[in-house]
Amino acid sequence: MEQLFEGLLNDHLGFVVWAAVAFILLLILLGKFAWKPIMQAITDRERSIEDALLKAEAAKEEMARLTDENEALLKKARAERDLILHEARKVKEQMIHDARDLAQKEGARMLEIAKIEINNQKAIALADVKNQVAALSLEIAEKVLRKQFEDQAKQDALVADLLKEVKLK
């Protein structure tokens with residue numbers, strides 16, 4: 001192995017020198033002409049990736065903010081809906097209560113009017129019955145008296161009895 005190693009170094013020393021010179025020239029040329037554009041392209045690519053990442057992060061934050069806003073709007077809408085429903089229930093209950101009170105008052109008023117009307121009709125009917133009874137009584141009395149006064153002796157006896165009663169009192 002030593003021989004192989006010694007042969008490479010001794011026999012090809014010129015090749016190694018020329019290869020080193022070519023490598024150094026290649027590095028100089030690459031550094032002067034290619035290294036800057038490649039580094040610029042890599043830097044531009046890094047910037048575009050960073051910009052894309054920042055934009056993605058900003059979009060993610062915007063999406064999170066919009067999601068939070070949507071959640072807040074949904075909560076607010078639900079709260080408003082609940083409030084509106086609560087108010088509607090209260091209004092409905094108040095309307096039912098008011099209608100029930102009004103119906104009770106109107107019913108009581110109608111009952112009172114009906115009682116008054118019944119009493120008035122009753123009084124009218126009683127007055128009519130009394131008038132009819134009085135008319136019938138007068139008619140009967142007139143007939144009885146006519147029957148009684150057909151006989152003159154009976155008339156005289158009746159007048160005498162009435163005069164006795166008047167004197168006694």
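Helices (H or I, at least four residues) and strands (E, at least two) are DSSP runs, numbered from the N terminus. The model is predicted: local features need pLDDT of at least 70, side-chain atom pairs count only at pLDDT 80 or more, and totals for chains, interfaces and linings use all residues. Residues are numbered from 1 along each chain as its sequence is written, and side-chain values use heavy atoms, with hydrogens and water left out.

The protein holds 3 helices and 0 strands. Read from the N terminus, its elements run α-α-α. Helix α2 covers residues 13–148.

The protein exposes about 15,800 Å² (Shrake-Rupley method, 1.4 Å probe; for residues, only the protein chains shown count as cover). Carbon and sulfur atoms supply 66% of that area.

A nonpolar surface patch of about 990 Å² was found. Its residues are Val17, Trp18, Val21, Phe23, Ile24, Leu25, Leu26, Leu27, Ile28 and Leu30. Patches are made of residues with over 30% relative accessible area and no salt bridge; like charges are joined within 9 Å, and nonpolar side chains (Val, Leu, Ile, Met, Phe, Trp, Tyr) within 5 Å. Phe23 lies in helix α2. With 49% relative accessibility, Phe23 counts as partly exposed.

Salt bridges were searched for across the whole structure, and 5 were found. Each requires a side-chain nitrogen of Lys or Arg within 4 Å of a carboxyl oxygen of Asp or Glu. Asp44 and Arg47 form one of them, at 3.5 Å from N to O. These two residues are 3 residues apart in helix α2, so about one helical turn separates them. Asp44 is partly exposed at 37% relative accessibility. Arg47 is also partly exposed, at 47%.

Arg81 pairs with Asp82 in a salt bridge, and their closest N and O atoms are 3.1 Å apart. Arg81 has a relative accessible area of 46% and is partly exposed. For Asp82 the value is 41%, again partly exposed.

Arg109 and Glu106 meet through their side chains in a salt bridge of 2.4 Å, N to O. They too sit 3 residues apart in helix α2, which means a separation of about one helical turn. Arg109 is partly exposed at 43% relative accessibility, and Glu106 is partly exposed at 31%. Elsewhere, salt bridges with shared partners join Glu62, Arg65 and Glu69 into one network.

How values were computed:
Buried means under 20% relative accessible area, exposed over 50%, partly exposed in between (1.4 Å probe, protein chains only).
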